[in-house]
Amino acid sequence: MQREKRITRWLALLLGICMAFACLAFAGCENRSPEGNGSEQETPLPPDGEQEEQTPTPPVLTKYVQQTEIPTLEITAADPIASKYDYVPATYAMTSESGAYDMAAATGEIRLRGNYTRTLTKKPYRVKFASKQSPLGMPKAKSWYLLNEATDFSLLRNYLGYTYADELLDYSLRARYVHVKVNGEYRGIYLLTDKRGEDKNRVPVTLTDGVDTGWIVEMDNRAIGGDDPVNTTAYEYCAAEGIVFGQNAFYCNLPRDGGQQAFVISEPDPVTPEQFRAISEHVQTAITSLGGQAFGNYFDVDSMARYFMVEELWHNTDVGSVYLYRENGVDKVKFGPVWDLDLTCGISKITENGAANTYNEWYYGDINALLKPCWRSSAFRDALKKNWNQTYAVQTADLLKGIDETIAFLAPRVQQNFVRWPGIESGMVSSDEDGTHLEVPFFMADSYVRLRTWEKHAAAVKDFLTKRVGWMHTQINAF
């Protein structure tokens, strides 16, 4: 009997302990957050039933992530910004949540820029400050570009390309992401870049008053035929751009079926008749040398090889504009800076010579009129192999890591842009003044149009560049 009573008391005690633990566990479940942290209260939903937007964690600055947030550049223009050639007065101010990228109000001017991109509703702009400014810590200057990135739904191609080229070339455009408002209207995420041109922090040419001056020249296929009024489009383009053949523009005959190409002197501006004659004669002699084995006497072959590395790696289908420069009257001609990398990495269905626009084919060297005559020569390929292998390990590791870092930086910050410009779901862009007409650009490949989301577009850029790096590495080392 005593033994049964003792057992009964022990059972009662155990039952009490179990009930106590059960109460504690129930209380813990009530206070437990959805992530399983029992020390936090569950965050209530906002009244409309939607989750509040989370503030992105500030990223760690790296070679490819060069800002911790996307500030807002507010532009107030006195008149409609309607012309590529006529500036209108404007004031600028930049604000950021942390205050790290704030820029006090500055005066200046603004106009449109670009060719096809200028026809879209999300306009690209040319910014000119009245005095030198240093937005987002970039070197001070008056002139800047705002690239609209309207047809590159990933927002990555230009940015990654300019950053990759930065340590390969003497100069590459600096670029930062900004939100843009014009007269209070949100216009989306833009890429703020410095302007190609001579400056102590830009293309390193030394300008003088004599014929030994440094210079910057653009091969510009839009100008071909612009000296003849019969060629209406080219003639109007040259007239509007201030391009005058015989004064700041000239033709060169390229070897090996390269045809006749137009070259425009960007710097010095204005150019004297004596300078024009010296520059045009030197460029023609250098261009002619591309058809033989002596082009290294006129061109910096390492510069050519590194320029090629960027353009070919990105598989750039836009080959009509190339910049050349000569630092002074005794230096060899160099290639660069790289420019217009938005039609790259599989975005375009418009290719030449039957190219498929895939990661595993040579393209830029076979299409570009300047490089086509020489890129398959042993002298060029030796320089390419040397420069590729000198930079491959570090630059490739930086690029592949940088793609992930840039995607992670943009991921929580792009939604506002695609709310403003929703055509990504159908692969369309807005191309009228009020933004109601959507169309698929004439150059977009079907595979690109079908991606539908920013995440898939970003992943496609990563996939293309990752595969192409590997393919080019194998091909170059098989030369």
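Predicted model: local features only at pLDDT ≥ 70, side-chain atom pairs only at ≥ 80, totals over all residues.
View 1. Strands here are DSSP runs of E with at least two residues, helices are runs of H or I with at least four, and both are numbered from the N terminus; two strands pair if DSSP finds at least two bridges between them. Residues are numbered from 1 along each chain as its sequence is written, and side-chain values use heavy atoms, leaving out hydrogens and water.

**View 2. Strands β1 and β6 side by side.** Here β1 (residues 72–77) and β6 (residues 175–182) pair in the parallel sense, over four bridges. Look for Leu-73, which stands opposite Val-180 in β6.

**View 3. Strand β10 and its partners.** Strand β10 (residues 259–267) runs antiparallel to β8 (residues 215–220), joined by four bridges, and Val-217 stands opposite Ile-265 in β10. Six bridges link β10 with β9 (residues 249–254), also in the antiparallel sense. Leu-254 faces Gly-259 in β10. Four residues lie between the strands of the β9 and β10 hairpin, where Arg-256 takes a positive phi near 55°.

**View 4. Helix α5 against helix α10.** Met-309, Glu-312 and Leu-313 in α5 meet Phe-464, Leu-465, Arg-468, Val-469 and Met-472 in α10 (contact means heavy atoms within 4.5 Å).
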